Amino acid sequence: MGITRSTVKVGQKPTKDQLKQIREIAKKPIHYTEDCPESTHEALAEFAAMARDRRKKRVKPVVALRVEPETLEKYKALGSGYTGIMADVLNFVADNPDILSKVRA
């Protein structure tokens, strides 16, 4: 049994041929010894190292930031997740230097 790969875009419906392939594959039994070979200790160690690296990249530093009380109230009015929105706004401005130059003027 081989692996079939297809790229599907958001909102795209599968073609009739793809649906036919899916139905045929769904009928076949899974043979765990053939389809899913047991991982070696080396492979598991490599996966663990990859997971550690991904976790390190996701960790965000905690920063204390002084803002005007009115500004904080506006963000808090957005509800749960307002700190993420604040981070998105900061990232957007940092990625667009023309906006930053207008603010400093």
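Before you start, here's the accessibility scale: buried means under 20% relative accessible area, exposed means over 50%, and partly exposed is in between (1.4 Å probe, protein chains only). You're looking at a predicted model, where local features need pLDDT of at least 70, side-chain atom pairs count only at pLDDT 80 or more, and totals for chains, interfaces and linings use all residues. Residues are numbered from 1 along each chain as its sequence is written, and side-chain values use heavy atoms, with hydrogens and water left out.

**Exercise 1. Describe the overall build of the protein chain.**

Step 1: list the elements. Helices (H or I, at least four residues) and strands (E, at least two) are DSSP runs, numbered from the N terminus. The protein chain has six helices and zero strands, so from the N terminus you read α-α-α-α-α-α.

Step 2: check how spread out it is. The radius of gyration is taken over C-alpha atoms, and the globule rule is 2.2 Å times the number of residues to the power 0.38. For 105 residues that rule gives 13 Å, but the protein chain comes out at 24 Å, well over it, so it is more spread out than a compact globule.

Step 3: Along its principal axes, the C-alpha trace spans about 65 × 40 × 30 Å.

Step 4: Accessible areas come from the Shrake-Rupley method with a 1.4 Å probe; for residues, only the protein chains shown count as cover. The protein chain exposes about 10,500 Å², with carbon and sulfur atoms supplying 58% of it.

**Exercise 2. Find the surface patches.**

Step 1: set the rules. Patch residues have over 30% relative accessible area and no salt bridge; like charges are joined within 9 Å, nonpolar side chains (Val, Leu, Ile, Met, Phe, Trp, Tyr) within 5 Å. A salt bridge is a side-chain nitrogen of Lys or Arg within 4 Å of a carboxyl oxygen of Asp or Glu. Lys and Arg count as positive and Asp and Glu as negative; His and the chain ends are not counted. Each charge is placed at NZ of Lys, CZ of Arg, CG of Asp or CD of Glu.

Step 2: pick out the positive patch. Arg 52, Arg 54, Arg 55, Lys 56 and Arg 58 form it. Arg 55 sits in helix H3 (residues 41-58) and is partly exposed at 44%.

Step 3: pick out the nonpolar patch. Val 63, Leu 65, Val 67 and Leu 90 have about 390 Å² of accessible area together. Leu 65 lies in the loop between H3 and helix H4 (69-76), and is exposed at 54%.
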